[in-house]
Each structure stands twice: as C-alpha cells, then as structure tokens.
Amino acid sequence: MPRGDKSAYTDKQKRQAEHIEDSEREQGRSEEDAERIAWATVNKQDGGGKLKKATKKATKKASARKTTKKAAKKTSARKTTKKAAKKTSARKTAKKAAKKTPARKTAKKATKKTSARKTAKKATKKTARKATARKTTKKAAKKATRKSTRTTASRSAAAKKGARTRRSGRNGASA
C-alpha cells in the first residue's frame, strides 16, 4: 500500500474527512492544508483506517493489545491483593483497638460478622472519644481550680493589704 493511500478507510471516515476539509476551506485554508488537517483529524479520532486486512501491522497491533490486556490483568490482580491486604490489616487493627478498650466483648462479636465490623469501629471510636473528652475535661478542671485558687489568693492578699492601709489611715488620723 503506497503512502497516502486511503483504501483502508471506511466510507464513513472518508465522508468525515471530506466534511472537515470543506469546513477548513471555508475558514480560508489552502486545499493542501485543508486535506492534511482533515485526514489528521480522522486519524486522531479513529486511529487510522478501519478496513483492516490480515496484514503484518494488524497482527502486530493485535499482539500489542493482548500484551496490554495481560498487563492490565496483572495490575488489577495486584490491586485486588493490595485491597485484600488492607482489609486484613484493618481487621487486625480493629481487633487490637477492641482489646484495649473496655468494650471488648462487643468489639469481638462485631469483628466476626462483616456487617457488624462497622459497629465495632464506631464503638472503639466512641470509647476513644470519651477517653479524650475525659482527659480534656480533667485538664480544664485542673486549670480552673488553679485559676480560682490564684485569684482567691490574690484577692485575699489584696483585701488584706487594703485593710492594712485603712487601719493605718485610721491610726494616723487619730494620732
């Protein structure tokens, strides 16, 4: 097949190229440029002529497709094994978290069933939240007591000082 031969293209592809060429001519391009752009567009859309005959190129493309399919299968197999590994590691971490929390019994029951796994995770999260909330409330209470003792101590010191000055003022006025 000589270069530039359009026998491999379908009738539809030829019509598309003709239409694109007409529109390019209307835009003011030369006939050569319009034809070049038209066939480049058809090739870009369809990947070349669609009338495939049993040629070396067709067999090469078919073998290339097979290798890409095999590669895709391998990558999908890798992804599924990674997903399975993630699931098992998630189960293990859920079990470890369940052992650490006081809601151990409910977590063990939940890990047995797939639908109940979510509830176990929620329970462990709740207990973790409660524990952190308790810690934060304890810290806040400690801070509040520190502030209150400081303020009462400073208030009492200020009150004592004020009382002293008042006393000294009375004593000084009477003397």
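Start by selecting helix 1 and helix 2: helix 1 passes helix 2 in a right-handed crossing. A crossing is called right-handed if the near helix is turned clockwise from the far one by less than a right angle, and left-handed if anticlockwise. Helices here are DSSP runs of H or I with at least four residues, strands are E runs of at least two, and both are numbered from the N terminus. This is a predicted model, in which local features need pLDDT of at least 70 and side-chain atom pairs count only at pLDDT 80 or more, while totals for chains, interfaces and linings use all residues. Residues are numbered from 1 along each chain as its sequence is written, and side-chain values use heavy atoms, with hydrogens and water left out.

Now for the geometry of the pair. The two helices pack at an angle of about 135°, with their axes 8 Å apart; the axes are lines fitted to C-alpha atoms over the stretch in contact, and angles run from 0 to 180 degrees between N-to-C directions. That makes helix 1 oblique to helix 2, since angles under 35 degrees count as roughly parallel, over 145 as roughly antiparallel, 65 to 115 as roughly perpendicular and the rest as oblique.

Next, colour the contact by residue type. On the helix 1 side, the contact residues include Gln13, Lys14, Ala17, Ile20 and Glu24, and on the helix 2 side they include Ala34, Ile37, Ala38, Thr41 and Val42. Contact means heavy atoms within 4.5 Å. By type, the contact divides into 7 nonpolar, 4 polar and 7 charged residues.

Select Ile20 in helix 1. Beyond its neighbours within four places in sequence, Ile20 is in contact with Ala38, Thr41 and Val42.

Move on to Ala38, which, leaving aside neighbours within four places in sequence, is in contact with Ala17, Ile20 and Glu21.

What does the largest nonpolar core hold? Select Tyr9, Ala17, Ile20, Ala38, Trp39 and Val42, its 6 residues. Such a core is a set of buried Ala, Val, Leu, Ile, Met, Phe, Trp, Tyr and Cys residues joined through side-chain atoms within 4.5 Å. Helix 2 (31–46) and helix 1 (11–26) each give two or more residues to this core, and helix 2 gives the most, with 3.

One more stop in helix 1 is Glu24. Is Glu24 buried or exposed? Glu24 is buried, with a relative accessible area of 12%. Not counting residues up to four places away in sequence, Glu24 touches Arg29, Ala34 and Ile37.

Finally, zoom out: the chain has 5 helices and 0 strands.

Technical notes:
Buried < 20%, exposed > 50% of the residue type's maximum accessible area, 1.4 Å probe, protein only. Nonpolar A, V, L, I, M, F, W, Y, C, P; charged D, E, K, R; others polar.
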